[in-house]
Amino acid sequence: MTVSNAVRKGSLMSFLLLFLCACTTTVKPKAGAELLDHSLAPKESENRLKNLPPDELIRAGNAYLASDSYQLARLHFAVALEKEPGSAAALTGLGEIQRRNGELNNARGTFGKALEYDARYWPALLAMAKIDRAQGDNQTAIEFLNKALTISPENVEVLTEMAMQYDILGQEAQAEPLYAKVVALRPDLPSAHNNLGFNYLLQGRYAEAITAFSRSMALEPGNRRTHNNLGAAYALNGNEEKALQIFEKSVGKAAAYNNIGYIYMSQGEWDKAEKAFKHALDLNPRFYLRAQENLDRLNRMRSKAGK
């Protein structure tokens, strides 16, 4: 007995999202102002910052934000805002720090202030969409993204976020041309090819997914997520041997069989899943907990389906 198509797709997407992970498109900021020495005392740093113009402060703040140096980023954005109280860019920077720290309501208020000063500031619109997506308000997220696309129709970050939104809604066919457009705009961007491949996986177009992931790997050979995505694509395309080789390089042999088992389980191939989970347990008893949990889950699914 096999699982229904809806359950199969849901199980597979859960696995892909939780373990393999589609990657959002990240465009690194261009070099801006020289960043401050991290060893400087906060007061000394603040005094130096007051001599910098707002645009230079914001460029440096965004660079610190990209490197997850939130304290320094916040300092730069705050000083920029003192110099230019209506700066949508500075407010958006501060809001992004709040968003990344999980302060979603505070972040929404900060992004809202940025849009009051500049209703066409697409980074704030994009950020608002991300908050809505995180809070499950998909329709409002799409509305913000549509506004951002009207303002910046070839912006790869906005296009990618919109495509991801469609994927989450199960509208992969609508997401595909957006991912393809990002690839056309930025063929040198590894995550663009990875995201397109992920979309192909969700559509069941596994051979095309292999091609997209392979292109991403050629651009960024060390990316573990893309590496695992490629392994999943081979497994789903029926090439278990190749999938195991790829998974083994990334996570080890026992985990490779566990991953293969999970993929088989999500597709309703329960006998193959059981064999893979048991092989994982035989290879590495220390891997017992994860593989055994999956084997127990498989047995529950079989029991439920047999009723």
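User: Which helix is Val-158 found in?
Analyst: Val-158 is found in helix H9, where helices are DSSP runs of H or I with at least four residues, strands are runs of E with at least two, and both are numbered from the N terminus. This is a predicted model, in which local features need pLDDT of at least 70 and side-chain atom pairs count only at pLDDT 80 or more, whereas totals for chains, interfaces and linings use all residues. Residues are numbered from 1 along each chain as its sequence is written, and side-chain values use heavy atoms, with hydrogens and water left out.

User: Is Val-158 buried or exposed?
Analyst: Val-158 counts as buried, at 0% relative accessibility; buried means under 20% relative accessible area, exposed means over 50%, and partly exposed lies in between, with a 1.4 Å probe and protein chains only.

User: What is Val-158 in contact with, leaving aside its neighbours within four places in sequence?
Analyst: With those neighbours left aside, Val-158 is in contact (heavy atoms within 4.5 Å) with Trp-122, Leu-126, Leu-145, Ala-148 and Leu-149.

User: At what angle do H8 and H9 pack?
Analyst: Helix H8 (residues 138-151) and helix H9 (residues 156-168) pack at an angle of about 155 degrees, and their axes are 10 Å apart. The axes are lines fitted to C-alpha atoms over the stretch in contact, and angles between N-to-C directions run from 0 to 180 degrees. H8 and H9 are therefore roughly antiparallel to each other, a label for angles over 145 degrees, while under 35 counts as roughly parallel, 65 to 115 as roughly perpendicular and the rest as oblique.

User: Which residues make the contact between H8 and H9?
Analyst: H8 contributes Asn-138, Ala-141, Ile-142, Leu-145, Asn-146, Ala-148 and Leu-149, and H9 contributes Val-158, Leu-159, Glu-161, Met-162, Gln-165, Tyr-166 and Ile-168. By class, the contact of H8 with H9 has 10 nonpolar, 3 polar and 1 charged; Ala, Val, Leu, Ile, Met, Phe, Trp, Tyr, Cys and Pro count as nonpolar, Asp, Glu, Lys and Arg as charged, and the others, Gly among them, as polar.

User: Moving on, how do H10 and H11 pack, at what angle?
Analyst: Helix H10 (residues 172-185) packs with helix H11 (residues 190-203) at about 160 degrees, their axes being 9 Å apart, and the two are therefore roughly antiparallel to each other. Their crossing is left-handed, a term for a near helix turned anticlockwise from the far one by less than a right angle, clockwise being right-handed. The residues in this contact include Tyr-179 and Val-183 of H10 and Leu-196 and Tyr-200 of H11.

User: What classes of residue does the contact of H10 with H11 have?
Analyst: The contact of H10 with H11 has 10 nonpolar, 4 polar and 2 charged residues.

User: Back to H7, which of its residues are buried?
Analyst: The buried residues of H7 are Pro-123, Ala-124, Leu-125, Leu-126, Ala-127, Met-128, Ala-129, Ile-131 and Asp-132, and they pack against H5, H6, H8 and H9. Just after H7, Gly-136 has a positive phi of about 80 degrees.

User: And what do the buried residues of H6 pack against?
Analyst: In H6, Ala-107, Thr-110, Phe-111, Gly-112, Ala-114 and Leu-115 are buried, and these residues pack against H5, helix H7 (122-134) and H8.

User: How many residues of H13 are buried?
Analyst: In H13, 11 of the 13 residues are buried, so this helix is largely enclosed by the rest of the structure. Helix H13 (residues 224-236) reaches 18 Å from its first C-alpha to its last, close to the 18 Å expected at 1.5 Å a residue, the expected span being 1.5 Å times one less than the number of residues.

User: Where does Ser-87 lie?
Analyst: Ser-87 lies in the loop between helix H4 (70-83) and helix H5 (88-100), and at 4% relative accessibility it counts as buried. Not counting residues up to four places away in sequence, Ser-87 touches Ile-58 and Leu-81.

User: Is Ala-218 buried or exposed?
Analyst: Ala-218, which lies in helix H12 (residues 206-219), is exposed, with a relative accessible area of 62%.

User: Finally, how many helices and strands are in the protein?
Analyst: The protein has 17 helices and 0 strands, and 48% of its 307 residues count as buried.
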